[in-house]
Amino acid sequence: MVVAFGLGPVGCCAVVVAASDGAEVVAVDPVKSRRDLAERLGAARTVDPTASDTATTIREITHGQGAEASIDCSGNPRAQSDALAVLRPKGKMLVLAATAGWTIDPSQLWRKGLTLFGSWVYELGQYERVVQLARMRADSLEKLVTGRFAGAEAEQAFQAADQASEGKIVIDWTR
């Protein structure tokens, strides 16, 4: 099981990739429209972190085992702490979002033998895999786009993106 935190465009892409690789994906976000989008993209379940304790919910879903992996795409320190807490022993966490600051107790890593990764960009050799995945999952990636705006509507596009209730917002400068 993979748990994805933060279901903006990057988090939804994480859902697509994990589901494409055969993982059962649990998607976590406080915004219902984003959780609904994640389900359409392949998430098996969604969790509203404002409605219950996320770590407890994931333990219940996994019958006390915890998740094999988590991905934080939120940049929210609470979500990042939850993403670490939901892991089973030997679990792995990938941080894809920038954050103003996140404090962890390093003993969380060694007590459970966890691995913490961070990534900001793809390595050159990974682009071929990304292109292959995009070809295979073009239907899912198309669903990720929830707002299309003409160039003259750029201000409205940025307002929609700032509301953080949409998937990917696209500005088509040719229209």
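How do the residues lining the second largest pocket divide into nonpolar, polar and charged? Keep that in mind, everyone, and we'll come back to it. Hello, and thanks for having me! One thing to say at the start: what you see above is a predicted model.

Let's begin with the sheet. Six strands form an open sheet, in the order β3-β2-β1-β4-β5-β6, and the pairing is parallel. Look at the two ends of that order. The edges belong to β3, residues 45-47, and β6, residues 115-118. Each of them has a single partner strand, so one side of each has no neighbour in the sheet. From one strand to the next, the twist averages 20°. If you are new to sheets, here is the general idea: strands pair through backbone hydrogen bonds, either parallel or antiparallel.

Now let's walk across some of the pairs. Strand β2, residues 25-28, is joined to β3 by three bridges, and the two run parallel. Find A27 and you will see T46 of β3 opposite. Further along, β4 and β5 also run parallel, with five bridges between them. Here S70 has M93 in β5 as its bridge partner. To get from β4 to β5, the chain passes through α4, making a right-handed β-α-β crossover. Moving on to β5 and β6, four bridges join this parallel pair, and V95 has G118 in β6 as its bridge partner.

Let's stay with that helix for a moment. Helix α4 covers residues 77-85 and lies across β1 (2-5), β4 (67-72) and β5 (87-95). Relative to β5, helix α4 runs at about 145°.

That helix brings us back to my opening question. The second largest pocket holds about 200 Å³ of space. Its lining is made up of F5, G6, V28, D29, P30, P49, S74, N76, R78, A79 and D82. Which element gives the largest share of that lining? It is α4, with three residues. And the answer I promised you: the lining divides into five nonpolar, three polar and three charged residues.

Strand β7, residues 145-150, pairs with strand β8, residues 168-172, in the parallel sense over five bridges.

Methods
Residues are numbered from 1 along each chain as its sequence is written. This is a predicted model: local features need pLDDT of at least 70, side-chain atom pairs count only at pLDDT 80 or more; totals for chains, interfaces and linings use all residues. Side-chain values use heavy atoms; hydrogens and water are left out. Two strands pair if DSSP finds at least two bridges between them. Axes are lines fitted to C-alpha atoms, for helices over the stretch in contact, and angles run from 0 to 180 degrees between N-to-C directions. Contact means heavy atoms within 4.5 Å. A crossover is right-handed if, with the strands pointing away from the viewer, the path from the first strand over the helix to the second runs clockwise. On a 1 Å grid over the protein atoms alone, a cavity is a set of points where a 1.4 Å probe fits but cannot get out, and a pocket is an open set with protein on both sides within 12 Å along at least five of seven lines; lining residues have an atom within 4 Å of a point. Grid points are joined across faces, edges and corners, and a volume is the space filled by probe spheres set on the points. Ala, Val, Leu, Ile, Met, Phe, Trp, Tyr, Cys and Pro count as nonpolar, Asp, Glu, Lys and Arg as charged, and the others, Gly among them, as polar.
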